[in-house]
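Colleague: I am new to this one, so could we walk through it together?
Modeller: Happy to; here it is.
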Amino acid sequence: MRQAELTAQKDYWAKSACKMCIHSCAIRVHVVDGIVVKIEGDPDNENNKGKLCPKGQAGIMRLYDPNRVKTPLKRTNPEKGIGVDPKWQAISWEEAYDITAKKLKKIRDEDPRKLLVSINDFHRIHIWGWGAAFGSANYFSTVGQYCGAAYHPINGTLDGSFACTNDYEYCNYWIQIGGGDGFSSHLHVAGSIKRMAEARVNRGMKVVVVEPRMSTGAAKADEWIPVLPGTDRAFVLGMVNVLLHELNIYDAEFIKKYTNGPYLVGPDGNLVRDPETGKALVWDAGVGSPKGFDDNSIQEYAIEGNYTVNGIKCRPSFQLIKDTLKNHTPERMSKICTIPAETIRRIAREYGEAARIGSTIVIDGKEYPYRPAGVNYYRGAIGHVDGGLDSLAMKLINLIIGNIDVPGGHIGVGLDHRCLIVEPGADGMIKPQPHLLHPPYDYANNPYSFQLMEWFPIGIDPGHLSADNILYPEKHGFDFKPEALIIEHSNPMWNLSATDKVMEVFKRLDFIVAIDVVLNESTEWADIVFPDHTYLESHLLVDIEPPVVTGHVYRRPVIEPLYDSRDATDILTELAARIGFLEQWNGLLNFTVFLKPEYYLQPDKKYTNLELTDRMAKSIYGPDHGLDWFQENGHTVRHQTLEEMYMPYGDLRIPIYFNFFKETGDDLQAKMKAAGRKWDTSSYLPIPIWRDSHPLHNLPSEYDLYAFAFKETLLNFSESTSIPWINEAMENIPMHMGAMINTKTAKAKGIKNGDAIRIQSPFGEVTGRASVVEEIHPGCIALSNGISRWSNHPIPKKNNTHFNRLLPADVKWTDGMTGHLETSTKVKIFKI
């Protein structure tokens, strides 16, 4: 129904898209006399099938929050700091635009690098490049990086995916490590919870959860296995060792046919190539000679053995993997992760047997390999120094049983409607796609981004490095300093680690402008605040990391805007025009909104968000599926086809030996050496191993507890803590209102439930209340995001047990390959 026709009614249900986390569940909104009275899941959408999590239902309180930013605001108090009243003055849109444009135009004319950018609205990924169009490469936030920097590039390199999950429809043995899929967090919570429940009820799927505390998933699992933070890789590599060296369980046919497992590797770790053709070589066991990987005469690919080719001693990459991990025994790995060796062996055996290697399944008349077992994982498992190797270990244990993108196995999830990005690469392999959010930064001898992205060629912007580089520019030779910051639906003061450093950067900035719905810890420092529409007042096509399904949900205004707010995209377009880079902005939008040439934006014309939405819809779905069609029909969501979901890369191979990472690291090291710089590229390994050099596990012994932060459904992606319903629920769940400590650990330290405690890491300290429970590893302490806020918003309790204060934020504590920050630390605690 057209917008005017819809809102003219007295009593109606409007279909839209939720934005209470980063994903895009479809919703129905009941409106009576212009007032939203209920939000629920849309039963006509295949994505969440009528289900909606508590946060989604509480979205009504975001719309009617009396503390919303209702008009443009100007700061009149020059003093800034925590708890300082900005003394906001309501101003006109014209004055807000004029002040902001003049300030930022001056910076752009002098040196655009002096602008810091924190734009993190996941529903509007197309606007993330506003800073790049302005001319600044400086990204001052962590949000996407915090959870997925060591996750997304490895997914993209494996099969062109952005995320991953196990196959809800056919998996029978699901191991979950450091993630909440199907229970509490990550990909499309409501629909995934329904699919997980159906798999367990209908098929009796077994779930094993490996993580330090008993999360929702662990509590509902068949088995919970506690592990120390940052040691998940040791557990997995111990399992791999058992499968390869004790049980002899691996899918040889899958490895031969679909991976680079047969490709020969020399002593230097590089592929052995034909000196004339340059082709990667394999060993044909049928005739006992080397051949090009694509030679049609190959009788039998060898994946084991040792050979000599043109005088070079070499092995198939799968043999190299086996040899490399031979010493990663359960006994050795158990000492690292604290999981008993017998448990590692048992889970490995159960997993290997559940994979049913060699079996097939017929779906809609087509036969596929059937591997109904998988290891799924997320930030808890890989959010560490060496996080790239953590991710590789999780992929490897799936690869060896041949379950990648087949029924029952470990399934790639696309960033958007394009599903997996499949293109041919070198040597018959799929082309690596580590950069799905934005193109890679060009290497430079001297850095031009404070997050050093030019030195992380496969990484995701390590924004946590920015504060350290701003405060100590001499470390890497920066010759400029930032003067301004633009924030859009972000909170860098809260989401960046080493909070005290971040606060010092805020103090040094001359000008801060923010676009948001409510004020937060960061926007309270702003000089100008622009009010954005809420998701219940705005237009957008939304499609973020949808598992199982594909297609866009139409977000529409279910009522007319309550206040003098405007759409963030329109705000940024107006600023681009006034500052003088509309042409660059429109050029960027042509790319990020997926516009076809016939719908390209003219360089010198301002386009509204509605016009962009219409052009985007027509570009993707055809001229008869524009904005009008979406207003009538609501969404284009459908279940993925078999061809989209299972083995979409056809005859292309996927890597089991990640030589792309080694080659990238070698190239980076050569460039750094030529520039006279020392840069650690030792983590660019093609095979995941355990490295004892991990700094987390080498802190002084006085720091005797591992500390980490967590979130559950109520706090997933955190657009929630100022909502009374959610806070009321959270305040009645003990794990969210104190620092979780195991009962035995607390007793040994003389700490009782509710005691005030000081938590001190080598990098900072916080205070809080002890929540003494059984459901956490005795060697750990855990802090909920629910007690981490200190904003002046009247709803959140001012606990300010902010975990990020305990974290470091420099290169030493960053994964050298992917740029992931270390999300755990070690602490000592004292009763106050």
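Modeller: Helices (H or I, at least four residues) and strands (E, at least two) are DSSP runs, numbered from the N terminus. This is a predicted model, in which local features need pLDDT of at least 70, side-chain atom pairs count only at pLDDT 80 or more, and totals for chains, interfaces and linings use all residues. Residues are numbered from 1 along each chain as its sequence is written, and side-chain values use heavy atoms, with hydrogens and water left out.

Colleague: Is Val240 buried or exposed?
Modeller: Val240 lies in helix 10, residues 232-246. Buried means under 20% relative accessible area, exposed over 50%, and partly exposed in between (1.4 Å probe, protein chains only). Since Val240 has 0% relative accessibility, Val240 is buried.

Colleague: Which residue of strand 31 stands opposite Ile741?
Modeller: Two strands pair if DSSP finds at least two bridges between them. Strand 28 (residues 739-742) has both faces covered, with Ala739 and Ile741 buried on one side. Strand 28 and strand 31 (residues 780-784) are antiparallel, with two bridges. Facing Ile741 there is Ile781.

Colleague: How far apart are the closest N and O atoms of Glu521 and Arg789?
Modeller: A salt bridge is a side-chain nitrogen of Lys or Arg within 4 Å of a carboxyl oxygen of Asp or Glu. Glu521 and Arg789 are both buried. They form a salt bridge, and the separation of their closest N and O atoms is 2.9 Å.

Colleague: How many salt bridges does the structure hold?
Modeller: Another one joins Lys105 and Asp109, which sit about one helical turn apart because they are four residues apart in helix 4 (residues 93-110). For the structure, the count is 55.
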